[in-house]
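Hi,

Here is the structure I promised to pass on. Have a look at it first, and then read my notes below.

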Amino acid sequence: MIRIHAIQTGTVRIKTSQHIGRGQGVQRLLNVLTDKEWVGPVPIYAWVIEHPEGLIVVDTGETARTAEKSYFPRWHPFFRLSASLSVCPDDEIGPQLCRLGIAPRDVRWVVLTHPHTDHAGGLAHFPASEILIARGEYQAARGIAGRIQGYLPNRWPTWLQPRLIDFTHQAVGPFTASLPLTRSQDIILLSTPGHTPHHLSVLVRDGDLSYILAGDTSYTEHLMLKQVADGVSPNPAIARQTLSQLRSYAQSIPTIYLPSHDPDSAKRLAAHTTVSFSQQSSCHSSDRGVI
């Protein structure tokens, strides 16, 4: 039997132009920095999968240390201008797991969809677990180059030695690159580039139902269905291709879609609400559209 739990590790506010990308090229990023309108606060979700082969955590959420003045680099414009976090110590994933009766030391695998701070901030709670990160993500996030791109490798635990994931060309529906995590092949890592160049998602197959723990492939289910790339995706065309794959998969198999910052993700999980196409507008989607 498979059980999935949603764990909200605080909230974040982001710019409207990050939520829905506007413009082309460098202008997209400039719009994120200069936009005066905010979305949120929206949740920062991590996920726990109870599986016969062991406990799996997908993303670790954020840390309360973000309240420290010295936590974020003052020289980085994104952290100064475009993100506002609210995380209390009790919001962190470690204490929340304990309240569920789960000891962090008993978690077998921790899978990061990507190592941005709101997904990797809770890594310190899992020194006994195997940490999995896509090889390209890990390499891109390291050093000063990673910090310039918005990663915080200097905040990772000093003991971190992750298992680096290389995807095979084994197709799973419309997804062309994947890697099974469990021997039973009911937990599969999917290559879903877009928000970051080597972003991954986690597919959970439970009988005739699928769950996709989607990280930041989109900020809401609605934006996935509308094929709207966010404002920080380095290549919006690749992001839209991933969104098209997600939409196609959900059209073929009943799927509960669970991005990390969708206010309705936990509700959909609790109610087992699958992606619905019955009320989709016939108008053509666009990054410039308004939801």
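Leaving aside its neighbours within four places in sequence, which residues is Gln185 in contact with? Before I get to that, a word on the ground rules. This is a predicted model, so to speak of local features I needed pLDDT of at least 70, side-chain atom pairs count only at pLDDT 80 or more, and totals for chains, interfaces and linings use all residues. Residues are numbered from 1 along each chain as its sequence is written, and side-chain values use heavy atoms, with hydrogens and water left out.

Back to Gln185. Contact here means heavy atoms within 4.5 Å, and beyond the neighbours within four places in sequence Gln185 touches Gln170, Pro180 and Arg205. Gln185 sits in the loop between β8 (178–180) and β9; helices (H or I, at least four residues) and strands (E, at least two) are DSSP runs, numbered from the N terminus. With a relative accessible area of 39%, Gln185 is partly exposed. On that scale buried means under 20% relative accessible area, exposed over 50%, and partly exposed in between (1.4 Å probe, protein chains only). The phi of Gln185 is near 60°, a positive value in a residue other than glycine.

Strands count as paired if DSSP finds at least two bridges between them. β9 (residues 187–191) pairs with β10 in the antiparallel sense over 5 bridges, and Leu190 stands opposite Ser201 in β10. On to the next partner: β10 and β11 also run antiparallel, joined by 5 bridges, with Ser210 in β11 as the bridge partner of Arg205. The hairpin of β10 and β11 has 2 residues between the strands, and Gly207 takes a positive phi near 65° there. As for cover, 5 of the 7 residues of β10 are buried.

β10 also meets helix α9 (residues 236–252). The buried residues of α9 pack against β10 (200–206), along with α2 (26–34), β11 (209–215), α8 (221–225) and β12 (255–259). Those buried residues are Pro236, Ala239, Thr242, Leu243, Gln245, Leu246, Tyr249 and Ala250. The length of α9 checks out: its 17 residues should span 24 Å at 1.5 Å a residue, and its end C-alpha atoms are 24 Å apart. The expected span is 1.5 Å times one less than the number of residues.

Now for the other set of strands. β1 and β2 run antiparallel and are joined by 10 bridges, and Lys15 stands opposite Trp38 in β2. β2 (residues 38–51) is mostly covered, with 10 of its 14 residues buried. β2 also pairs with β3 (residues 54–58), antiparallel over 5 bridges, and the two form a hairpin with 2 residues between them. Trp47 has Val58 in β3 as its bridge partner. Please look at Pro41, which is found in strand β2: a cis peptide bond joins Gly40 and Pro41, with omega about 10°.

Then the pocket. The largest one has a volume of about 790 Å³ and is lined by 37 residues, of which Phe78, His116, Gln149, Gly150 and Val232 lie nearest its centre. α2 gives the largest share of the lining, 5 residues; β1 (3–15), α2, α3 (77–81), β4 (83–86) and α5 (117–120) each supply at least two. For the method: on a 1 Å grid over the protein atoms alone, a pocket is an open set of points where a 1.4 Å probe fits, with protein on both sides within 12 Å along at least five of seven lines, and lining residues have an atom within 4 Å of a point. Grid points are joined across faces, edges and corners, and the volume is the space filled by probe spheres set on the points.

Last, the cysteines. A disulfide is a pair of cysteine sulfur atoms within 2.5 Å, and the count comes to 0. Cys88 is in no disulfide, and the nearest cysteine sulfur, that of Cys98, is 17 Å away. Cys88 is partly exposed at 43% relative accessibility.

Cheers
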